[in-house]
Amino acid sequence: MLDLAVQGAQMLLVLALAPLLLGFTRKVKARLLGRQGPPIVQPYRDLARLMGKDAVLAENASWLFRCAPYLIFAATWVAAALIPTFATGLYFSWSADLIAITALLGSARFLLALAGMDVGTSFGGLGSSREMMFASLAEPAMIMIVFTVALVAGSTQLSAIAGFMLLHASLRVSLGLALVALTIVAIAENARIPVDNPATHLELTMVHEAMVLEYSGHHLALIELAAALKLLLYISLIACIFVPWGLAQSESGPVAYAIGTVTYLGKLAVGGFLLVVFETSIAKMRVFRVPEFLGAALMLGLLGTLLLFVSRSF
Amino acid sequence: MEHFTFDVAHLLAGLMVLVSFMLLYQDRMFGLLNVFALHAVVLSLSVAWQAYIQSAPHLYITAGIALVLKAIIIPVALRRVVVRLGIHRTIDTVGGIGPTILLGMGLVALSMVVMLRATAGADPLAREDLAFALSVVLLGLLMMVTRRNAVSQVVGFMSLENGLILAAAGAKGMPLVVEISVAFSVLVAFIVIGVFLFRIRERFDAVDIEALEEFRGERQ
């Protein structure tokens, strides 16, 4: 019974923290650019306001357009809640499989691209086609990273991987390559700066914003929340695989959970800060250079897998 | 901690392969020379680590030669050549960068397969080192094949030679005399190639080797 409560707490925690992380990155970015920036809680206010508004639908929007936000949000929330954030070995840990999480994110992306094309505006189609172009490189790269990590740890289950990394922390070239590749994939998947600008509505460069252009009201709120959850998911994933220290083990007491939560908050803050520093120090690249950027991730993942074969086994 | 020495050796050798890929990925001349210097720095680190774990002091000399000669002198000299010849700053490749990288991954896989079969009974440290060294050599060859510009072919040749040194450092018992003579033969090769570059340029007003093919009648 307690297990179920902890799992529930984890689900609510990721949901509650996602807008905070977004607000934090925006605030830090504004400060780094010498601006005051909106308050950290601004995303909550935006979401609350959007929730209270009626959704305006285009005349030729089909049922898919109305269902998609709920499905996207549900898939992303489930994926984010499965990742061990403050504790491993939770109630649903057996299903927290890296391949399952990749598949959940892939189906959310599929629905978003369909919704982008549903109304039939040219921007939506443009955004969807670009998103699919990026996805065709980002997903194989993600799968290669999963292979690398799974070959090292002997499991694709996140709790097992985190436990393994805690025990056998070492300097492995394959894991380093996987970390860099996963960071590149995370940046591309979250539409952050070298790939896409999250703050722009300039039609020539937008990818994610182009797909959700037709959404309004509570539909838009759900999609924005799903995007925030996705950012949290990737930072938690990197933290869980590569910096698992502080994670509470299963069946440990409330003190361990408290320590786990505090370190998790610290990891999120550090991850968000590093992301923003990276974003402010680099310029956005042209859309047709993005495949090269993602191709590098694919190459690193492949190289990491290959190098494992000449490495020692545990 | 007993795996630490192996892990660091593995990390440095793996970095060599990665920097070889960065050489293939570069499409700017000066960027290429910088990455080549990085290649040599990683090589000297790797050789120095081998010297430490094998307690073979003469390998430190090899590392020093790699650092001074290849990380400083040759890149600076090549940079001067590029500036004096006024070569185009972008690099022409045969085929795109993407297919080249894919071919490179294939070569790495090939060298792993070959080396792991060929050295089944050897010490694991030497084994992984040889596999990485063969990949670096093959990637250097690939770079020489896929570049049109003579300077980037020279860089490919030098990176190939770095792979040879990596192999020599990993296999215990290579005499110092051989290593020094290899290092100097590379220097001589560099000078000869440099002279050739200027001669080619005098003759054809370009260091693009397509001009040579035309001259030999291979292309109408």
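The angles run from 0 to 180 degrees between N-to-C directions, and the axes are lines fitted to C-alpha atoms, for helices over the stretch in contact. Helices (H or I, at least four residues) and strands (E, at least two) are DSSP runs, numbered from the N terminus.

This is a predicted model, in which local features need pLDDT of at least 70, side-chain atom pairs count only at pLDDT 80 or more, and totals for chains, interfaces and linings use all residues. Residues are numbered from 1 along each chain as its sequence is written, and chains are lettered from A and ligands numbered from 1 in the order in which they are written.

| Helix pair | Angle | Axis distance |
|---|---|---|
| H4(A) (residues 98–118) and H5(A) (residues 122–153) | about 175° | 9 Å |
| H3(A) (residues 63–82) and H9(A) (residues 217–242) | about 20° | 9 Å |
| H1(A) (residues 2–32) and H9(A) | about 90° | 8 Å |

H4(A) and H5(A) are therefore roughly antiparallel. Contact here means C-beta atoms, placed from the backbone, within 7 Å. On H4(A), the contact residues include Gly106(A), Arg109(A) and Ala113(A). H5(A) contributes, among others, Glu131(A), Ala135(A) and Glu139(A). This contact divides into 10 nonpolar, 7 polar and 3 charged residues. In these classes, Ala, Val, Leu, Ile, Met, Phe, Trp, Tyr, Cys and Pro are nonpolar, Asp, Glu, Lys and Arg are charged, and the others, Gly among them, are polar.

H3(A) and H9(A) are roughly parallel. Among the contact residues are Phe73(A) and Trp77(A) of H3(A), with Leu222(A) and Leu229(A) of H9(A). The classes are 14 nonpolar, 2 polar and 1 charged.

H1(A) is roughly perpendicular to H9(A). Val14(A), Leu17(A), Ala18(A), Pro19(A), Leu21(A) and Leu22(A) of H1(A) meet Leu225(A), Ala228(A), Leu229(A), Leu231(A) and Leu232(A) of H9(A). All 11 residues are nonpolar, with no polar and no charged ones.

**Core and buried sites**

A residue is buried if 20 or more other C-beta atoms lie within 10 Å of its own, exposed if 12 or fewer, and partly exposed in between. A nonpolar core joins buried Ala, Val, Leu, Ile, Met, Phe, Trp, Tyr and Cys residues through C-beta atoms within 7 Å. The largest such core has 157 residues. Ala141(A), Val185(A), Leu232(A) and Met16(B) have the most contacts inside it. H9(A) gives the most to this core, with 18 residues. Beyond its neighbours within four places in sequence, Val185(A) contacts Ala138(A), Ala141(A), Met142(A), Ile145(A) and Ala297(A).

Ala96(A) sits in the loop between H3 and H4 of chain A. Ala96(A) is buried, with 24 other C-beta atoms within 10 Å. Setting aside neighbours within four places, its contacts include Pro84(A), Gln157(A) and Leu158(A). Ala160(A) is 64 residues away from Ala96(A) along the chain, with a C-alpha separation of 9.7 Å.

**Chain B and the interface**

Chain B has 8 helices and 0 strands. Of its 220 residues, 41% are buried. Across the interface, 14 residues of chain A contact 22 residues of chain B. H11(A) (residues 290–308) gives the most to the chain A side, with 6 residues. That side has 9 nonpolar, 3 polar and 2 charged residues.

Conventions:
Angles under 35 degrees count as roughly parallel, over 145 as roughly antiparallel, 65 to 115 as roughly perpendicular and the rest as oblique. Two residues are in contact if their C-beta atoms, placed from the backbone, lie within 7 Å.
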